[in-house]
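This report is for a reader new to the structure.

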Amino acid sequence: MLEQIFASMPHLYDASASGTTAAIYFSVGEIKKTVLLSPEGCRVENGKTRHNADCVCKTSPDFFLKVWNRGYKPGMKDFLTGAIRSNDPATLQLFLHACGKD
């Protein structure tokens, strides 16, 4: 399920809705992916392909699926309790918006 979601990201991503260039590293349970955003689109790479990603997102598969499939919007409590960890929640929000997940 997670592999299919990451495979669908380039098709869902609307670069005009994002307006950003960024590398987002996702660590979702055992799944590790780097998602590269640019004005041209979105590309997903296996593993951590950038030494210093602009944004890091670490969470459990269940929480990731809750956000992606059910439209859950992580709040401050989720970040404070460690359900999701990120150094740049604003970029994550922008990414979700550009994928139609807001």
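Helices (H or I, at least four residues) and strands (E, at least two) are DSSP runs, numbered from the N terminus. Just after helix H3, glycine 71 takes a positive phi of about 75°. The model is predicted: local features need pLDDT of at least 70, side-chain atom pairs count only at pLDDT 80 or more, and totals for chains, interfaces and linings use all residues. Residues are numbered from 1 along each chain as its sequence is written, and side-chain values use heavy atoms, with hydrogens and water left out.

**Helices H1 and H3**

The buried residues of H3 (buried means under 20% relative accessible area, with a 1.4 Å probe and protein chains only) are Phe63, Phe64, Leu65, Val67 and Trp68. These buried residues pack against several elements, including H1, strand E1 (22–28) and helix H5 (89–98). H1 and H3 pack at an angle of about 35°, with their axes 12 Å apart. Axes here are lines fitted to C-alpha atoms, for helices over the stretch in contact, and angles run from 0 to 180 degrees between N-to-C directions. Leu2, Ile5, Phe6, Met9 and Leu12 in H1 meet Pro61, Phe64, Leu65, Trp68 and Asn69 in H3, where contact means heavy atoms within 4.5 Å.

**Aromatic rings**

The structure holds eight aromatic pairs. Rings of Phe, Tyr and Trp (its six-membered ring) pair if their centres lie within 6.5 Å, and planes under 30 degrees apart count as stacked. Phenylalanine 6 and phenylalanine 64 form a stacked pair, at 5.5 Å centre to centre and 15° between the planes. This pair links distant parts of the chain, with phenylalanine 6 in H1 (residues 2–12) and phenylalanine 64 in H3 (residues 61–70), 58 residues apart.

**Threonine 34**

Threonine 34 lies in strand E2 (residues 31–38). Its relative accessible area is 1%, so threonine 34 counts as buried. Leaving aside neighbours within four places in sequence, threonine 34 is in contact with residues that include Ile24, Tyr25, Lys48 and Thr49. A polar atom of the threonine 34 side chain lies 3.1 Å from the backbone nitrogen of threonine 49.

Technical notes: Buried means under 20% relative accessible area, exposed over 50%, partly exposed in between (1.4 Å probe, protein chains only). A polar contact is a pair of N or O atoms within 3.5 Å; within protein, one must be able to donate a hydrogen and the other to accept it, and residues adjacent in sequence count only if both atoms are side-chain atoms. Rings of Phe, Tyr and Trp (its six-membered ring) pair if their centres lie within 6.5 Å; planes under 30 degrees apart count as stacked, over 60 as edge-to-face and the rest as tilted.
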